[in-house]
Amino acid sequence: MNSLPQPYHALIIGATGTLGSAFAECLNQDPHCAGVVGLGRSTTPPLDLGLPNTIMAAAAQLAGQAPFDLIILATGVLHGEGFMPEKTLEALNQEQLLATFQANALGPALVLQQFLPLLSANGVMAVLSAKVGSIEDNRLGGWYSYRASKAALNMLVKTAAIESARRWPHKRLVALHPGTVTSPLSRPFRREARAPREAAADMLQVLDALRPEDHGGFFSYSGERLPW
């Protein structure tokens, strides 16, 4: 990461997940990285997107280590115990909608609230979203909860970026689409996909190449700007 201050400090939220651990592995091998702090449900302090108090407590505890030059929120839920992506309106149920929105939008909103202030003045914060959250790109339908929650996440990122530009003019905040990666999230739908380490490396290259005008954008792992 040559675009960040040298040396730089990184924070990965969702560090015990497939992509979070891949990001941490890449960054730990970067000689310019002075250290990587990882947060997740089983870390100390813990951070659980379903428990708002843990988000606030983790931010308060890490405030003494701030600022961080790179913050990545590497979380997301597509399916879980007892539910799979809905293909029809008849399949919708409130419990699944609430669980998916909590993980993909409501929890991340509080992460933005608590952790964007901990980003350094010229730092980068990236939130993992998904191309299926693009309203303009939606041509197949289905996957109601996931699509809608990621669309909500995209709006949260865009809105926070507008506020951030006024309050902290040089911070950069973007949404990233990682592509289909071999993980528990994708396994029921595609057994062979890109390796997590490859996906993480690609996204770090995208972040390293960000320009000031890219603040508030939505990008694919290839660097392509995606429609909202």
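Start at Phe 68, which sits in strand E3. This is a predicted model, where local features need pLDDT of at least 70, side-chain atom pairs count only at pLDDT 80 or more, and totals for chains, interfaces and linings use all residues. Residues are numbered from 1 along each chain as its sequence is written, and side-chain values use heavy atoms, with hydrogens and water left out. Helices (H or I, at least four residues) and strands (E, at least two) are DSSP runs, numbered from the N terminus.

**Stop 1: Phe 68.** Is Phe 68 buried or exposed? Phe 68 is buried, at 2% relative accessible area. Buried means under 20%, exposed over 50%, and partly exposed in between, with a 1.4 Å probe and protein chains only. Now show the neighbours. Phe 68 touches His 9, Ala 10, Leu 11, Val 37, Leu 62, Leu 118, Leu 119 and Ser 120, leaving aside residues up to four places away in sequence. Contact here means heavy atoms within 4.5 Å. Gly 35 and Phe 68 are 33 residues apart in sequence and 9.9 Å apart in space, C-alpha to C-alpha.

**Stop 2: two cis bonds.** Step back to Pro 67, in the loop between H2 and E3. A cis peptide bond joins Ala 66 to Pro 67, with omega about 5°. Then go to Pro 7, in the segment before E1. Gln 6 and Pro 7 are also joined by a cis peptide bond, with omega about -5°.

**Stop 3: helix H2.** Select residues 52-62. Buried here are Thr 54, Ile 55, Ala 58, Ala 59 and Leu 62. They cover an arc of only 130° around the axis, so they lie on the same side of H2. The arc is taken over the directions from the helix axis to the C-beta atoms. On the other side of H2, Asn 53 and Ala 60 are exposed. The buried residues of H2 pack against E1, E2, E3 and H3.

**Stop 4: H2 against H3.** Show both helices. Their axes are 10 Å apart and the packing angle is about 20°. H2 is therefore roughly parallel to H3. Axes are lines fitted to C-alpha atoms, for helices over the stretch in contact, and angles run from 0 to 180 degrees between N-to-C directions. Angles under 35 degrees count as roughly parallel, over 145 as roughly antiparallel, 65 to 115 as roughly perpendicular and the rest as oblique. On the H2 side, Pro 52 and Met 56 are among the residues that meet H3. On the H3 side, the contact is made by Gly 107, Leu 110, Val 111, Gln 114 and Phe 115.

**Stop 5: H3 against H4.** Select residues 94-115 for H3 and 144-167 for H4. At what angle do they pack? The angle is about 15°, with the axes 9 Å apart. That makes H3 roughly parallel to H4. Residues of H3 in this contact include Phe 101 and Leu 112, and those of H4 include Tyr 146 and Val 157.

**Stop 6: Trp 143.** Move to the loop between E4 and H4, where Trp 143 is found. Trp 143 has a positive phi, near 50°. Trp 143 counts as partly exposed, at 25% relative accessibility.

**Last stop: helix H1.** Select residues 18-28. Buried residues of H1 are Leu 19, Gly 20, Ala 22, Phe 23, Ala 24, Cys 26 and Leu 27. They pack against E1, E2, E3, E4 and helix H5 (196-208).
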